[in-house]
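Here is a short report on one protein chain. Please look over the sequence and the structure before reading on.

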Amino acid sequence: MARNKIALIGSGMIGGTLAHLIGLKELGDVVLFDIAEGVPQGKGLDIAQSAPVEGFDARLQGANDYSAIKDADVCIVTAGVPRKPGMSRDDLLGINLKVMEQVGAGIKKYAPKAFVICITNPLDAMVWALQKFSGLPKTHVVGMAGVLDSARFRHFLADEFKVSVEDVSAMTLGGHGDDMVPLTRYSTVAGIPLPDLVKMGWTTKEKLDAIVERTRKGGGEIVGLLKSGSAYYAPAASAVSMAEAYLRDKKRVLPCAAHLSGQYGLKDMYVGVPVVIGAGGVERVIEIDFNKAEQKMFEKSVAAVQGLCEACVAIAPNLG
Ligand code: A3D
């Protein structure tokens with residue numbers, strides 16, 4: 001059986017890390033695409049030269065022409081610009097929307113059967129626009145944010161409780177912004193919900209609130225430390241887990257920015273919710289119950305995403 005083909009649209013910091021991880025996991029052959037000449041070719045060659053040492057077989061090809069992504073099984077989109085210190089994700093909207101238009105046209109022409117994972121910020125609005133620009137089925141265009149935000153939450157919780165990250169599960173929903181919704185009731189250590197762990201004296205409500213706040217600002221913390229660009233190791237790992245769920249039909253339950261058509265009372269928008277990812281793409285959107293406080297936080301986050309989508313329509317009226 002031929003290997004899977006994975007196209008990386010954008011070969012910057014996340015794109016390069018994606019290519020390396022995909023090679024190490026032998027998920028398939030990789031095409032690195034970018035408008036910057038030489039960068040995807042150089043990164044592809046460098047990673048290919050690590051293969052004999054690591055012992056993986058994968059073809060890595062760099063390209064500046066969309067024809068190279070022809071018939072890709074998965075496309076992971078990071079094309080655009082990242083944040084600099086002092087910038088919000090929303091400041092990227094104007095530039096990255098134009099990039100999504102080009103990327104959508106390229107995918108539509110050369111890889112219309114692909115499963116597309118968008119990472120470009122502001123995430124929920126960009127994946128919404130990319131689905132419209134590409135015209136691909138809504139089950140096959142999804143945004144990566146919840147896996148990363150939940151991984152940040154899991155890391156902080158495991159650190160606080162001094163337990164393995166493997167035994168911490170967490171759920172962060174809503175839009176990928178400072179209003180995201182880390183759900184403590186649906187986050188557990190080996191099945192024990194966080195509010196119960198507070199009762200058991202493992203931590204205090206104040207410490208848990210501080211972890212929730214640090215999770216919300218997790219991306220900004222890294223932008224502030226790096227001083228140029230944003231996080232890339234954990235975002236790449238998160239997107240690879242989604243690609244793997246699709247290619248290996250794992251039917252994983254992951255929080256992703258998925259298209260909603262009535263679920264959670266929302267229509268024609270993308271926002272972070274738990275979904276099942278398998279060979280059918282987004283096979284199911286899981287609707288969980290919110291209590292009043294959670295509902296309020298979710299609505300605030302949704303309103304921020306709606307504002308961004310309206311800003312997209314003001315720039316590109318054909319999206320409306
Ligand atoms: P960076 O290293 O700058 O890579 C972006 C690449 O896109 C560069 O190599 C550019 O040359 C390329 N590019 C620009 N315009 C185009 C175009 N029209 N067509 C093709 N390629 C183009 O950034 P990065 O890899 O660090 O981040 C990429 C994106 O991911 C940014 O928008 C970040 O804000 C976003 N990001 C999202 C998350 C989420 O959790 C959603 C996390 C971290 C970063």
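Predicted model: local features only at pLDDT ≥ 70, side-chain atom pairs only at ≥ 80, totals over all residues.

Strand 2 runs parallel to strand 1, and five bridges join the two. Ile6 has Val30 as its bridge partner in strand 2.

Strand 4 pairs with strand 1 in the parallel sense, over four bridges. In general, strands of a sheet pair through backbone hydrogen bonds, either parallel or antiparallel.

## Helix 3 against the strands

Which elements do the buried residues of helix 3 pack against? Three are strands: strand 1 (5-9), strand 4 (74-77) and strand 5 (115-118). The others are helix 4 (123-134) and helix 10 (292-315).

Helix 3 spans residues 93-110, 18 residues in total. From its first C-alpha to its last it reaches 25 Å, close to the 26 Å expected at 1.5 Å a residue. Its buried residues are Leu93, Asn96, Leu97, Val99, Met100, Val103, Gly104, Gly106, Ile107 and Tyr110.

## Thr17 in helix 1

Thr17 sits in helix 1, residues 13-24. Is Thr17 buried or exposed? Its relative accessibility is 14%, so Thr17 counts as buried. With neighbours within four places in sequence set aside, Thr17 is in contact with Tyr232, Tyr233 and Ala236.

An open sheet of three strands has the order 7-8-9, and its pairing is antiparallel. Strand 7 (168-173) and strand 9 (192-193) are the edge strands, and each pairs on one side only. Helix 5, residues 146-161, packs on this sheet and touches strand 7 and strand 8. The direction of helix 5 makes about 140° with that of strand 7.

Strand 8 covers residues 181-189 and pairs with strand 7 over five antiparallel bridges. Leu173 has Val181 as its bridge partner in strand 8.

## Thr184 in strand 8

Thr184 lies in strand 8. Thr184 counts as partly exposed because its relative accessible area is 23%, while buried requires under 20%. Leaving out neighbours within four places in sequence, Thr184 is in contact with Phe153, Leu194, Pro195, Leu208 and Val212.

Thr184 can also be placed relative to Asp196. The two are twelve residues apart in sequence and 10.0 Å apart in space, C-alpha to C-alpha.

## Cysteines

How many disulfides does the model contain? The count comes to zero disulfides. Cys309 is in no disulfide, and the nearest cysteine sulfur, that of Cys312, is 5.7 Å away. The cut-off for a disulfide is a sulfur pair within 2.5 Å.

Both residues of this pair can be checked for burial. Cys309 has 8% relative accessibility and so counts as buried. Cys312 is buried too, with a relative accessible area of 0%.

## Annotated domains

UniProt, in an unreviewed entry, lists residues 5-143 as "domain: Lactate/malate dehydrogenase N-terminal". In the model this span is 42% helix and 18% strand, and its end C-alpha atoms lie 19 Å apart.

The unreviewed UniProt entry also lists residues 148-304 as "domain: Lactate/malate dehydrogenase C-terminal". Over residues 148-304 the chain is 44% helix and 28% strand. The end C-alpha atoms of residues 148-304 are 19 Å apart.

Conventions: Residues numbered from 1 in each chain as written. Heavy atoms only, no water. Expected span 1.5 Å × (residues − 1). Buried < 20%, exposed > 50% of the residue type's maximum accessible area, 1.4 Å probe, protein only. Contact = heavy atoms within 4.5 Å. UniProt positions renumbered as here; feature names shortened; annotations may be inferred. Pairing = 2+ DSSP bridges. Axes fitted to C-alpha atoms, helices over the stretch in contact; angles between N-to-C directions.
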